[in-house]
Amino acid sequence: MAEEKESTSIPLSQAENASLGDITDPEDPAKSVPNSPNSSTRRACCFVLQSWVSKKFMTGCVVLFPVAVTFFITWWFIEFVDGFFSPMYSRLGVDIFGLGFITSLVFVFLIGVFVSSWMGATVFWIGEWVIKKMPLVSHIYSASKQISAAISPDQNTTAFKEVAIIRHPRVGEYAFGFITSTVTLQKENEDEELCSVFVPTNHLYLGDIFLVNSKDIIRPNLSIREGIEIIVSGGMTMPQLLSAANKVPRPNERIPLNRIG
């Protein structure tokens, strides 16, 4: 009797599979239970909602990132400049945020007025002479002065003269640069006028110097500050249309850059 019970007993899992029959056969995909339309609709809705949320979140990040960076740098600059004179006001018992910043701006303005006079220029020349005699400080000061002279409103002899576009490094490619000076190359037949063009390779701190014939230089309708903004921003502030004054065949005709040369 025990053997008959063992032979006729069926495990519960096998009994369930047998009761389902053709419905849940894992080895036969054709006999598996089909997905309900409601579950497919829910998955599609979840996917669309997830995609929409991700897109809007990235849009918010793109919009807020430059605002946050601008606010952070501006706030840091205000605190940095405010720190020059705020300790003096703290000793006097005056604790007003921003008063040191305003005092610093007024101080810089007065320095500009003083240096513009004959006496201030003399004092500045003496101080500059002392700085240039220092071994390491002189190189740092010279590099900083060249950068500040490039954006100076006075446009003295050391400043960038014009924004230039030269064909570099190969035919069909162009590079932005600044004309710093002109030089005459003496030849046997005739003299050739060359322009010294500074092409920055690391923002405005490092770059290459090219001597280019003045006739081969494209001078776009850009100011020095606009050229600096284009280089510092990595070309993101580049205008959509450039015109070259020395390449215009007829008056009042604007030539797109891709049609030059």
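In β2, Val163 has Phe178 as its bridge partner.

First, the ground rules. This is a predicted model, where local features need pLDDT of at least 70, side-chain atom pairs count only at pLDDT 80 or more, and totals for chains, interfaces and linings use all residues. Residues are numbered from 1 along each chain as its sequence is written, and side-chain values use heavy atoms, with hydrogens and water left out.

Now the overall plan. The chain has seven helices and four strands. Helices (H or I, at least four residues) and strands (E, at least two) are DSSP runs, numbered from the N terminus. In sequence order, the pattern reads α-α-α-α-α-α-β-β-β-β-α.

How much of the chain is buried? Of its 261 residues, 21% are buried. Buried means under 20% relative accessible area, exposed means over 50%, and partly exposed lies in between, with a 1.4 Å probe and protein chains only. What about contacts, meaning heavy atoms within 4.5 Å? Take those between residues at least 6 apart in sequence: 32% join residues at least 24 apart.

Back to the strands. Two strands pair if DSSP finds at least two bridges between them. β1 and β2 (residues 174-185) run antiparallel, joined by six bridges. They form a hairpin with six residues between them. Look at Gly172 in that turn: its phi is positive, about 95°.

Move on to β3, residues 192-202. β2 pairs with β3 over seven bridges, again in the antiparallel sense. Here Ile179 stands opposite Val197. Six residues link β2 to β3 in a hairpin.

Next, helix α4, residues 99-116. For the 18 residues of α4 that gives 26 Å, and the end C-alpha atoms are 26 Å apart, which agrees.

Which residues of α4 are buried? They are Gly100, Phe101, Thr103 and Ser104. Keep one rule in mind: an α-helix has 3.6 residues a turn, so residues three or four places apart point the same way.

Now charges. Side chains of opposite charge can pair when their charged atoms come close. A salt bridge is a side-chain nitrogen of Lys or Arg within 4 Å of a carboxyl oxygen of Asp or Glu. How many are there in the whole structure? Two.

One joins Glu162 to Arg219, with the closest N and O atoms 3.2 Å apart. Glu162 lies in β1 (residues 162-167) and Arg219 in the loop between β4 (206-213) and α7 (224-232), so the pair ties together parts that are 57 residues apart in sequence. Glu162 is partly exposed at 34%, while Arg219 is buried at 19%.

The other joins Lys187 to Glu192, with 2.6 Å between the closest N and O atoms. Lys187 is partly exposed at 47%, and Glu192 is buried at 18%.

Last, the cysteines. A disulfide is a pair of cysteine sulfur atoms within 2.5 Å. The structure has zero. Cys46 is exposed at 51%, whereas Cys195 is buried at 2%.

Note on methods. The expected span of a helix is 1.5 Å times one less than its number of residues. Contact means heavy atoms within 4.5 Å.
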